[in-house]
Amino acid sequence: MRTRPFPIRPSNRKNQHGSAILILLALIGLGAAFLLVNALNRANSQTERDKITAAALAQAKDALIGYALRGDDALSPSRPAAFPCPDTHVPSDPANPVNDPLYGTSVSPCNDGAIGRFPWRTLKTAELLDDSGTPIWYALSGNFRGTVNIINSDSKGTLQVRAADGAALVTPQGSEAAAILFAPGAALAGQARGSAAEKTAAANYLEAVGAISNATGAAIAGNCNILNQGAAAQANCPTFIAGDRSATFNDRLLLVTPKDFMPIVERRVAKIAEAQLTGYYATCGYYPRPALFSNTACLPGGSTTGCVPDASATQGRFPYYAKTDFANATMTDWVGLPNWFLVNRWDRVIYYAVAPGYVLNAASQACPGNCLTVDA
């Protein structure tokens with residue numbers, strides 16, 4: 001009797017090997033998906049934190065500009081376009097809520113490029129914090145301090161900012177900043193923020209890239225060439241850096257330039273000048289003549305009271321005085337003109353033209369009646 005052989009089953013090793021590869025690929029895919037989701041979550045978390053910081057910096061900038069537009073808070077004499085000095089008081093902390101009752105207030109006078117915390121109490125805001133819970137810091141150009149002699153359209157920023165490479169300029173010549181706001185971020189290696197002395201040391205909050213330090217704003221020779229209000233050119237400007245985020249640098253910067261606020265200040269000034277001219281006309285029946293462009297007293301460094309109307313001028317600068325009687329050369333102060341208008345020499349930077357028919361004619365005391373035309 002023939003015996004039937006047992007059937008030989010095909011080997012399943014190849015199937016097992018293929019299944020193992022699929023399982024391995026699935027595990028790798030799950031791991032990659034986990035890493036991707038984790039990275040996305042971290043990115044989203046960083047984005048949300050960046051939004052908190054950006055909002056705090058923007059609120060600080062708005063508060064500074066609002067203060068500059070008012071120009072009448074604890075300044076003597078008051079002056080639009082002026083900013084408060086930084087705050088250098090010891091900040092509060094949860095363990096000791098009031099280390100210094102003056103924390104949050106400006107400390108004046110201060111130097112060009114002065115660095116400290118944002119003076120939130122002086123500016124009437126809440127204490128502004130970045131995403132790490134650290135207060136905003138602040139540097140100020142010397143030309144926009146409330147204690148300087150003159151602030152007007154000719155005032156220039158003096159704070160220079162370089163890009164992360166330390167060479168390229170974020171603030172090209174002519175675009176220097178009037179103020180810089182810093183979000184310091186969390187403490188990095190080597191930064192201590194415990195004691196009062198540590199809390200007032202800028203180096204424990206602001207970092208450097210190479211030789212350029214946000215904690216000092218040290219000037220770089222020949223970095224800028226600022227000519228301001230007739231003074232000698234300022235060749236060395238306080239210099240800061242907008243570095244890339246790294247293990248040794250996490251400052252975030254927001255600049256305030258004269259272009260951010262001066263046009264609005266100028267509109268306020270123009271309305272005041274318009275009101276003065278309208279009031280003068282209502283009283284005298286004609287407008288005052290301008291001062292000549294060639295009058296050196298009207299130029300930076302000229303005499304304060306020498307920028308006066310000229311009997312022949314119909315175009316020139318807004319006069320420091322309004323002359324009402326050419327025969328007797330009587331000079332009359334502007335009535336009701338804010339003190340800061342002349343103290344800050346806004347008359348020097350306002351150009352003024354009047355139709356010949358609307359000024360006092362020294363010869364005939366008559367008005368010809370012709371008017372100005374303005375083209376496109």
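Visitor: Which residue lies over the face of Y205, and at what distance from the ring centre?
Guide: A charge sits over a ring if NZ of Lys or CZ of Arg is within 6 Å of the ring centre and within 35 degrees of the ring normal. Over the face of Y205 lies R117, at 4.8 Å from the ring centre. This is a predicted model: local features need pLDDT of at least 70, side-chain atom pairs count only at pLDDT 80 or more, and totals for chains, interfaces and linings use all residues. Side-chain values use heavy atoms, without hydrogens and water, and numbering runs from 1 along each chain as its sequence is written. The residue asked for is R117, at 4.8 Å.

Visitor: How many aromatic pairs does the structure hold?
Guide: Rings of Phe, Tyr and Trp (its six-membered ring) pair if their centres lie within 6.5 Å. Planes under 30 degrees apart count as stacked, over 60 as edge-to-face, the rest as tilted. The count is 15.

Visitor: Why is the pair of F182 and F240 tilted?
Guide: The ring centres are 5.7 Å apart. The pair is tilted because its planes stand at 50°.

Visitor: Are F182 and F240 buried or exposed?
Guide: Buried means under 20% relative accessible area, exposed over 50%, partly exposed in between (1.4 Å probe, protein chains only). F182 has 0%. F240 also has 0%, so F240 counts as buried, and F182 is likewise buried.

Visitor: What kind of aromatic pair do Y280 and Y286 form?
Guide: Both residues are buried. Their centres are 6.2 Å apart. With 70° between the planes, the pair is edge-to-face.
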